[in-house]
Amino acid sequence: MRRPRSWFRMMVMAAATLLAAALLSSATTASAAPSAAAQPYDPPTWQPIPGHNVTTVKWGPITIPAAPETQEPPPGHDHGHGPAGELKNEVAVDGTCSIFVELYSGCREMKIQKPCEDCYITGILPDLVIAGTDTSVNIETGGMLHHVVNMNISRKDPLCGPGLGKHINMLGLMQGGNERFFAAGNERTFGSVHSSGQYGYRVNAGDKWGLVYHLMNHTHQPLTVEFKYTFTWVKSAKQAHPYWLDIDQCGNSEKEVPAGYSDTHYEARLWRRGTVLSLGGHGHDGILGVSLENASNGKWYCTSIPGYEAGTPHGPAGPGAGTPGHPAEAHVLTRTGHPNAPLSSYHKTVANFTTCEPDMPIAFFDKVRMHTTYNMRDVDPGAMGIMVVYIA
């Protein structure tokens, strides 16, 4: 039976309407994709644990070379601010540098004063300042604390012991020890071993400390800096043990991540029975989170989420998975909580990571799995994903 032309006209109009609606829906969806930092976050401010000793020390001075006048920025490492002078993964030790460390990394002999002896560190506030001042070095002042690793070279790292192998193993072999107990990136995340103040990182009398750092200078003049650390500590506490996890375990902590969404894993057995007290993450611009899962029972210890200033061009390129341990979005920061590093000094780069105090058990044979999730606009050949975990 032949349909009337009016019916045909109605069908064409309906199809056109549906097509237009689909196109409009597609355009709306594309423009309304979740932002890189849609959740406002007001992080806590640094507060020393009441009743604990507070000691500030400085380590340095260290001069970062000037940025070259003409040089293309290396991919993934300029952090959106152009070429930089760098001291990349230089080692500093309180004592004598092994000649072998000097050959493969560069080593600086420097007095690294501890806040106390025969004591327990309960909290740490890291910073990088212009030498001889308390002025924080950040994007605003032309510098960058890419990262710094705090090591006790009088002890052996439980997961990367001294030996022939990767960078940290070799460093431990050459210097006698390599226990990594704290780290900071430019976001300068501070924290406590546990907010109760009952637990601490043990510092024995005579312990020697070391640093591994990557410092950047975006100005065209040399920049002389010092590390400025404030510690809280007590003479008596329950001992907490640090475990370092990263996406290039025992190496330089850097690994390539692709453009788009990615989830990089690292798995380990910590061989310790106890309670997971505290942990927090570190990564580069474009990161969505660093999370720790107990792969033996499927429970999550922590999802450490980065924070960026509103309107950042340096945040994740898009949303994440939104499943447990895989944040859909980063945080929008209202402040950093750091007393010497206001939000404006970061120029919209990553300026905070949340930390966790799960107070959850871990069994001797349990396997943990660390997830590092990025959503990058381009490939980053040297992205980081790090967690330091304290267990008692």
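I started at Tyr-229, which touches Thr-55, Thr-56, Val-57, Trp-59, Ile-124, Leu-125, Pro-126, Asp-127, Val-148, Asn-150, Phe-182 and Ala-184, leaving aside residues up to four places away in sequence. A reminder to myself: this is a predicted model.

Next I looked up the cores. The largest nonpolar core holds 50 residues, and Tyr-229 is among those with the most contacts inside it, together with Trp-59, Leu-211, Tyr-213, Leu-215 and Phe-227. Strand β12 (residues 223-234) gives this core its largest share, six residues. Another core, of 29 residues, lies apart from it and includes Val-257, Leu-279, Ile-287 and Leu-292.

Then on to charges. I noted a count of 19 salt bridges. One of them joins the side chains of Asp-118 and Arg-202, at 2.4 Å from N to O. Asp-118 sits in the loop between β4 and β5 and Arg-202 in strand β10, so this pair ties together parts 84 residues apart in sequence. I found Asp-118 partly exposed at 35% relative accessibility, while Arg-202 is buried at 16%.

I also checked Asp-157 and Arg-180, a salt bridge whose closest N and O atoms are 3.1 Å apart. Asp-157 is in the loop between β7 and α3 and Arg-180 is in strand β8, so parts 23 residues apart in sequence are tied together. Are these two partners buried or exposed? Asp-157 is buried at 3% relative accessible area, and Arg-180 is buried at 1%.

Last entry: I saw Lys-58, Asp-134, Glu-226 and Lys-228 linked in a salt-bridge network.

Note on methods: Residues are numbered from 1 along each chain as its sequence is written. This is a predicted model: local features need pLDDT of at least 70, side-chain atom pairs count only at pLDDT 80 or more; totals for chains, interfaces and linings use all residues. Side-chain values use heavy atoms; hydrogens and water are left out. A nonpolar core is a set of buried Ala, Val, Leu, Ile, Met, Phe, Trp, Tyr and Cys residues joined through side-chain atoms within 4.5 Å. Buried means under 20% relative accessible area, exposed over 50%, partly exposed in between (1.4 Å probe, protein chains only). Helices (H or I, at least four residues) and strands (E, at least two) are DSSP runs, numbered from the N terminus. Contact means heavy atoms within 4.5 Å. A salt bridge is a side-chain nitrogen of Lys or Arg within 4 Å of a carboxyl oxygen of Asp or Glu.
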